[in-house]
Amino acid sequence: MHKTSAWPLALLYAGLVVYASLYPFDGWRDQGIEPWFFVTAPWPKYWTGFDVATNLAGYAPLGFLLALSGLRSGRTRVPVLAATLVAGLLSLCMETLQSYLPVRVPSNVDWALNTAGGLLGAVIAALLERLGAIDRWSQFRERWFVADARGVLVLLALWPVALLFPAAVPLGLGQVMERVEAGLAEALADTPFLDWLPVRDVELQPLVPGTEMLCVLLGALIPCLLGYCVVRRKYQRVLLAAVMLAAGLGAAALSAGLSYGPQHALDWLSLPVRVGLWAALPLVVLLVWVPRRVCAALLLVALALHVGLLNQAPASAYFAQTLQTWEQGRFIRFHGLVQWLGWLWPYAALAVVVGRTARPTPEN
């Protein structure tokens, strides 16, 4: 039996699938028909390649992670079958609940494709296990990372995915204050508790170039510091930092390309952004020699400062228009999977790092 990051990743991914499947959680109503009518309904006459690909790809990671967690924990003898059944049951529940949402249409084709996606992911996990790739990863993990690195590894794996959701500031995650305030105001409307909400005397102002540069610097530094908390050797820290920065820049470019077109994939590299990235590089190198517990303390400061600065800036009208492309267009399902990651990743990192610093860990 092995401790594996696959199980918490599977739970997190299942939660994101639920969010994506039931978004926007508005207008629930009873149509007066059986909610599972779609199971025996005729197959739709029209569907697109994009729909087929997204339904397959959306559940493949879930099947992969569920099967991998079973294979690595030794809790089941039929991980592929179990993972496929769980993925199929989850999809069935989501399609059934969609019958109560006016903007979602339950489909037996979607259910079949989701189940097939779960099976595909589970088979890939079983093949990798049979070929010894998972064992080699376990050996690699033992050489590179400390024993209790599971939570940090999950966060590092999710960081580039969180960056796929359009950010008002490049590499900026956790800008939720305006949406939280708007949500609270809507929820408390027509109640005396609305007066309890704080009222700003001055509207939020756009970030000045220097503050934007600092946000980008911190955004690049945070995943490197997080990795430094669990990596064993100095040269391994350098390699990990290079991989994380490359993944972050690639995710930001992909997000821009999906939003505005491939020809605009690098338009976000403004002067403050470039200065922030170049300023982060020497700090990333210098911090290689800093002990892990000091890295954790610096990371807590960086996260608090980063989130504080980002939430003092409003989202521009241009940025709001970008979000409409994701929330109303082809990315509506994918939007649900990454939106919460973009909002919650830094707060999850804070919780994990605080938990690590609260218990004694030997320095290697």
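I start with a term: buried means under 20% relative accessible area, exposed means over 50%, and partly exposed is in between, with a 1.4 Å probe and protein chains only. The model is predicted, so local features need pLDDT of at least 70 and side-chain atom pairs count only at pLDDT 80 or more, while totals for chains, interfaces and linings use all residues. Residues are numbered from 1 along each chain as its sequence is written, and side-chain values use heavy atoms, with hydrogens and water left out.

First, the surface. F25 has a relative accessible area of 38%, so F25 is partly exposed. F25 lies in the loop between α1 (6-22) and α2 (49-73); helices here are DSSP runs of H or I with at least four residues, strands are runs of E with at least two, and numbering goes from the N terminus. Together with W28 and L97, F25 makes a nonpolar surface patch of about 270 Å². Patch residues have over 30% relative accessible area and no salt bridge; like charges are joined within 9 Å, and nonpolar side chains (Val, Leu, Ile, Met, Phe, Trp, Tyr) within 5 Å. The areas come from the Shrake-Rupley method with a 1.4 Å probe, and for residues only the protein chains shown count as cover.

Next, the cysteines. The structure has zero disulfides, a disulfide being a pair of cysteine sulfur atoms within 2.5 Å. C93 is partly exposed at 43% relative accessibility, and C224 is buried at 2%.

On a 1 Å grid over the protein atoms alone, a cavity is a set of points where a 1.4 Å probe fits but cannot get out, and lining residues have an atom within 4 Å of a point. Points are joined across faces, edges and corners, and the volume is the space filled by probe spheres set on them. The whole structure has one cavity of 30 Å³ or more. The largest cavity has a volume of about 50 Å³, and its lining includes W159, H306 and W345. Elements that give two or more residues to this lining are α8 (209-228), α11 (292-310) and α13 (332-357). The most comes from α8, with three residues.

Last, charge pairing. How many salt bridges are there by this rule? The count is one, taking a side-chain nitrogen of Lys or Arg within 4 Å of a carboxyl oxygen of Asp or Glu. The pair is D148 and R356, at 3.3 Å, N to O. D148 lies in the loop between α5 (133-144) and α6 (150-162) and R356 in helix α13, so the pair ties together parts 208 residues apart in sequence. D148 is partly exposed at 29% relative accessible area, whereas R356 is buried at 10%.

Note on methods
1 Å grid on protein atoms, 1.4 Å probe; cavity = no way out; pocket = protein on both sides within 12 Å on 5 of 7 lines; lining within 4 Å.
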